[in-house]
Amino acid sequence: MFMLQAIDQARAAKDDYGRVGAVLVQHGKVISVAGSSSLEFPTIHAEHAALEKAGWLNDPTPKPNSKIYVTLQPCLKRSGGEKGCSWDIINSGIEKVVYGELDTHFEWGESLKFFNSHGVMFEQIPYTAIRKECWKIFCENNKSMKK
Ligand SMILES: [Zn+2]
C-alpha cells in the first residue's frame, strides 16, 4: 500500500520540525519517494522533493492516472508565507492527492478548498490507525510543536 511507503519515508526523514513522507505514483507504479528535511536550507517538504525527483515540478502537463500519497495534508503556505506544496501539486499535472492526517495546526481545510478550485481530486486515507500513525510521526521530535 502506497501510504505505508509514504510512512516509511516520513520515519526516515531528517526533519526535526515535523517529519512527512510522500510517494508519487502513476499507473499504479511508484515514480519517486521522498521525506521532508529540515537539514537543508530552505527546508525541503516531502511533496516538493518527490515532484522534483520525478522531474514533474513546474511541469503542468497532465499526468494521467497519477496520485501523490502524503502522510500529512499538503501545505498551502510555508511558515515564511511562501507558496506551499499545494501550489507545486497544482503546477505538476497530478490528478489526485491522497493524504494521511489533516494538518490541524496550520491552515486546516484551506489546501483542500484550493485543490477543489484547481480541479485536483483529494481524499483522506480511510483508516484511522494509519492517520494516527502519520500524525504521531509528524509530532515526534517536532521542535515547533508544544508538548
Ligand atoms: Zn509543504
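## Burial and Ala50

A residue counts as buried if 20 or more other C-beta atoms lie within 10 Å of its own. In this predicted model, Ala50 has 30 other C-beta atoms within 10 Å, so Ala50 is buried. Ala50 is found in helix α2.

Leaving aside neighbours within four places in sequence, Ala50 is in contact with Ala22, Val23, Leu24, Ser32, Val33, Ala34 and Ile68. Val23 is 27 residues from Ala50 along the chain, yet their C-alpha atoms are separated by 6.7 Å.

## Overall build

The chain has five helices and five strands. From the N terminus on, the elements run α-β-β-α-β-α-β-α-β-α. The radius of gyration is 14 Å, close to the 15 Å that the globule rule gives for 147 residues, so the chain is as compact as a globular protein of that length.

Along the principal axes, the C-alpha atoms fill a box of roughly 40 × 30 × 25 Å. Of the 147 residues, 41% count as buried. Take the contacts between residues at least 6 apart in sequence: 65% of them join residues at least 24 apart.

## The sheet

Five strands form an open sheet in the order β2-β1-β3-β4-β5, with mixed pairing. Strands β2 and β5 (121–124) stand at the edges and have a single partner strand each, so one side of each is left without a neighbour in the sheet. From one strand to the next, the twist averages 15°.

Strand β1 (residues 21–26) pairs with strand β2 (residues 29–35) in the antiparallel sense, over six bridges. Within this pair, Ala22 stands opposite Ala34 in β2. The two strands form a hairpin with two residues between them. His27, in the turn, has a positive phi of about 50°.

Helix α1 (residues 2–12) lies across β1, β2, β3 (66–72) and β4. Its direction is at about 145° to β1. Helix α2 (residues 46–54) lies across β1, β2 and β3, running at about 135° to β2.

## The nonpolar core

In soluble globular proteins, nonpolar side chains tend to be buried together. Here the largest nonpolar core has 37 residues. Ala22, Ala50, Ile68 and Val70 touch the most other members. Helix α2 gives the largest share of this core, five residues.

What does Ala22 contact, leaving aside its neighbours within four places in sequence? The list is Ala6, Gln9, Ala34, Ala46, Glu47, Ala50, Ile68, Tyr69 and Val70. Ala50 and Ile68 are in contact as well.

## Asp16 in its loop

Asp16 is found in the loop between α1 and β1. It has 14 other C-beta atoms within 10 Å, so Asp16 is partly exposed. Beyond its neighbours within four places in sequence, Asp16 is in contact with Ser38, Asn141, Asn142 and Lys143.

Asp16 and Glu123 are 107 residues apart in sequence. In space, they are 27 Å apart, C-alpha to C-alpha.

Key
Residues are numbered from 1 along each chain as its sequence is written. This is a predicted model: local features need pLDDT of at least 70, side-chain atom pairs count only at pLDDT 80 or more; totals for chains, interfaces and linings use all residues. Two strands pair if DSSP finds at least two bridges between them. Helices (H or I, at least four residues) and strands (E, at least two) are DSSP runs, numbered from the N terminus. Axes are lines fitted to C-alpha atoms, for helices over the stretch in contact, and angles run from 0 to 180 degrees between N-to-C directions. Two residues are in contact if their C-beta atoms, placed from the backbone, lie within 7 Å. A residue is buried if 20 or more other C-beta atoms lie within 10 Å of its own, exposed if 12 or fewer, and partly exposed in between; C-beta atoms are placed from the backbone. The radius of gyration is taken over C-alpha atoms; the globule rule is 2.2 Å times the number of residues to the power 0.38. A nonpolar core is a set of buried Ala, Val, Leu, Ile, Met, Phe, Trp, Tyr and Cys residues joined through C-beta atoms within 7 Å.
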